[in-house]
Amino acid sequence: MTNYRHQTVMQVRANRDITLPQLQHLLATDNEDEVKELFAQAREVADSVYGKKVFLRGLIEISSHCKNDCLYCGLRRSQTDAVRYRLTDKEILDSCAKGYRLGFRTFVLQGGEDAWFDDTRMVRIVGEIRRNYTDCAITLSLGERSAESYQRLFDAGANRYLLRHETADAAHYARLHPSDMSFNNRMQCLETLKRIGYQVGCGFMVGSPFQTVETIYKDLQFIRTFQPHMVGIGPFIPAHGTPFAGEPQGSVETTLRLLSIIRLLHPHVLLPATTALGTLHPIGRERGIMAGANVVMPNLSPLEHRKDYAIYDNKICTGDEAAECRNCTEYRMRAIGYETVVERGDYKSA
């Protein structure tokens, strides 16, 4: 029986595909040897493509305003006690300057869907970052925008765009979002970003309300066929005051297994060990790396706003200075045998 179980992992690796019964088995098994084998195979695949490198991305959370009312998010427009802020151009550029001095060569500008950061403002900001740091990658994570907007930002110098698809099941999507948000539009945005030429990231929450093994299977098949350059997954963590505040949080263990499965399905993907993993487990990000992830995103946001970007409760690193985040991350990765690198860490094509 043990040999058969190990064979399942090897079949997934060899085929770069997974069946629903195989997924059900790998998520449910309590055979510790098999789980270790899953992690080991994923780590071996990641090392074969990227070596023992962990790529650092400097995260700058530019706005806690959002026009959307997603049922799970602590920054949803109905969240009356959310602290709202917007970084100025200077604060964003100062964060980049600090990050560059610390060795970061990718900046990730993330925020809610905030109309204040319109194309005029964002083109100006992206263009200034591009002029100042020609050797850096600029990643945006600003939600759904028009095709014209995505093109303008790309032309201004943005290289990558992160847009979690949240779920590849339309019915599940409708249960996580208000009726004014469209599953089809989310998927069309991802297609548009890829067509324009961005390195594109998608992703989903593990353990979100109403999620099933069948919906996760659809997520994995979407990732396998869409072939994103990045995939961000992390355990669902409830946010107080939201409709899902009383729902159970997602499982760290399930997240780790899915990180490994994604690595086996898509060997070249850039795969973060997310802050949510570190929030739920003291060495969650280290465990994510050992399960096949190869990206960590320390926070470069101004210290006074860190705690205000509260998409879920109890987020870690809200009180750390940027240098502390950088040094702590380097130490943690070195402790498990990995090197944090200062290069851009672009996606490597097969």
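Two strands are taken to pair if DSSP finds at least two bridges between them, the strands (E, at least two residues) and helices (H or I, at least four) being DSSP runs numbered from the N terminus. The model is predicted, so that local features need pLDDT of at least 70 and side-chain atom pairs count only at pLDDT 80 or more, whereas totals for chains, interfaces and linings use all residues. Residues are numbered from 1 along each chain as its sequence is written, and side-chain values use heavy atoms, with hydrogens and water left out.

On this basis, 6 strands form an open sheet with parallel pairing, in the order β2-β3-β4-β5-β6-β7. Its edge strands, each pairing on one side only, are β2 (58-63) and β7 (230-235). From one strand to the next the twist averages 20 degrees; for angles, axes are lines fitted to C-alpha atoms, for helices over the stretch in contact, and the values run from 0 to 180 degrees between N-to-C directions.

Within this sheet, strand β4 (residues 137-141) is mostly covered, since 5 of its 5 residues are buried; buried means under 20% relative accessible area, exposed over 50%, and partly exposed in between, with a 1.4 Å probe and protein chains only. A137, T139 and S141 point one way from β4, and I138 and L140 point the other way. Strand β3 (residues 106-111) pairs with β4 in the parallel sense over 5 bridges, with T106 opposite A137. Strand β5 (residues 160-162) is also parallel to β4, over 2 bridges, and there L140 stands opposite Y161.

β3, helix α5 (residues 119-132) and β4 make a right-handed β-α-β unit, as do β4, helix α6 (residues 147-156) and β5. A crossover is right-handed if, with the strands pointing away from the viewer, the path from the first strand over the helix to the second runs clockwise. Strand β6 (residues 199-206) is joined to β7 by 6 bridges, and G203 has G232 as its bridge partner. Helix α10 lies across β6 and β7, at about 165 degrees to β7.

A second open sheet has 3 strands in the order β8-β1-β9, again with parallel pairing. Helix α13 (residues 322-335) lies across β1, β8 and β9, running at about 140 degrees to β9.

The interior can be described through its nonpolar cores, each a set of buried Ala, Val, Leu, Ile, Met, Phe, Trp, Tyr and Cys residues joined through side-chain atoms within 4.5 Å. The largest core has 90 residues, of which L109, M122, L140, L258 and I261 touch the most other members. Helix α10 (residues 252-265) supplies the largest share, 8 residues. Apart from this core lies another of 11 residues, including F55, L59, L162 and M230.

The structure also holds 24 salt bridges, each a side-chain nitrogen of Lys or Arg within 4 Å of a carboxyl oxygen of Asp or Glu. R124 forms one with D89, the closest N and O atoms being 2.8 Å apart. R124 lies in helix α5 and D89 in helix α4 (residues 89-101), so the pair ties together parts 35 residues apart in sequence. E286 and R332 meet in another, at 2.7 Å from N to O. Because E286 lies in helix α12 and R332 in helix α13, this pair ties together parts 46 residues apart in sequence. E286 counts as buried at 7% relative accessibility, whereas R332 is partly exposed, with a relative accessible area of 24%.

Note on methods
Contact = heavy atoms within 4.5 Å.
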